[in-house]
Amino acid sequence: MTLIAFNSPAGNGRCAKKSSWVRRGPGHLGTARRRQGRILTGAGLALLPWLGYLAATLPPAEAAAWVVLDALEAAALLAAGTRLLRADPRHRAPAAAAAVLLLADACIDLATAAPGAEFATAVAMAVAAELPLAALCAVLAAHPARATQGTGAGAGSGWGAGTRTGSVSGSGT
């Protein structure tokens, strides 16, 4: 039943097609959104070798926790980034998840770091990478993408037009 609520049929009784929620063509994805999508995707890809490093260098019990946390971050960043690059409006949920995970990661790093060089490294990682990425993800999650004016079917109707018509919740968003 949950899937029906999120994937409700369009107002005409037929299921919405993918083309109704994805704006195609390079002109429909702004330069800023393209850059943001690349940043998120790049950060997600950069975490993949980091997972191997953590698994190889930390004690097994500690490695399991950090690898799982960072794997979830990578998955959320990759999902948000690739969806943003495809102009898919469903980038907001993984962006929100990535923001929460990155903020938690920064807090845990700072709380568990030993005084000295380890703490300085944790602060540097939080300030240079985790918190700025979390802020970008939070902004992307909070603000819906604006539709750009284009030509062809659905021009000016906005992303997601018709996909939520007749939704069970009745919220219209």
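Biologist: What covers the buried residues of α5?
Modeller: Their cover includes α2 (31-57), α3 (60-85) and α4 (92-112). Contact means heavy atoms within 4.5 Å. Buried means under 20% relative accessible area, exposed over 50% and partly exposed in between, for a 1.4 Å probe and protein chains only. The model is predicted: local features need pLDDT of at least 70, side-chain atom pairs count only at pLDDT 80 or more, and totals for chains, interfaces and linings use all residues. Numbering runs from 1 along each chain as its sequence is written, and side-chain values use heavy atoms, leaving out hydrogens and water.

Biologist: Which residues of α5 are buried?
Modeller: They are Ala122, Ala126, Glu130, Leu133, Ala134, Leu136, Cys137, Leu140 and Ala141. An α-helix has 3.6 residues a turn, so residues three or four places apart point the same way.

Biologist: And where does α5 bend?
Modeller: The bend is at Ala126, by about 45°. It is the angle between axes fitted to the seven residues ending there and the seven starting there.

Biologist: What span should α5 have?
Modeller: Helix α5 (residues 117-142) has 26 residues, so at 1.5 Å a residue it should span 38 Å, and its end C-alpha atoms are 36 Å apart, which agrees. The expected span is 1.5 Å times one less than the number of residues.

Biologist: Next, the whole chain. How many helices and strands are there?
Modeller: There are 5 helices and 0 strands, in the order α-α-α-α-α along the sequence. Helices (H or I, at least four residues) and strands (E, at least two) are DSSP runs, numbered from the N terminus. Of the 173 residues in the chain, 32% are buried.

Biologist: How do α4 and α5 pack?
Modeller: Their axes are 8 Å apart, at an angle of about 160°. That makes α4 roughly antiparallel to α5; angles over 145 degrees count as roughly antiparallel, under 35 as roughly parallel, 65 to 115 as roughly perpendicular and the rest as oblique. Axes are lines fitted to C-alpha atoms, for helices over the stretch in contact, and angles run from 0 to 180 degrees between N-to-C directions.

Biologist: And α2 with α3?
Modeller: Helices α2 and α3 pack at about 160°, with axes 7 Å apart, and are therefore roughly antiparallel to each other.

Biologist: Which residues are buried in α3?
Modeller: Among them are Trp66, Asp70, Glu73 and Gly81. Their cover includes α2, α4 and α5.

Biologist: What follows α3?
Modeller: Ala87 follows α3, with a positive phi near 60°.
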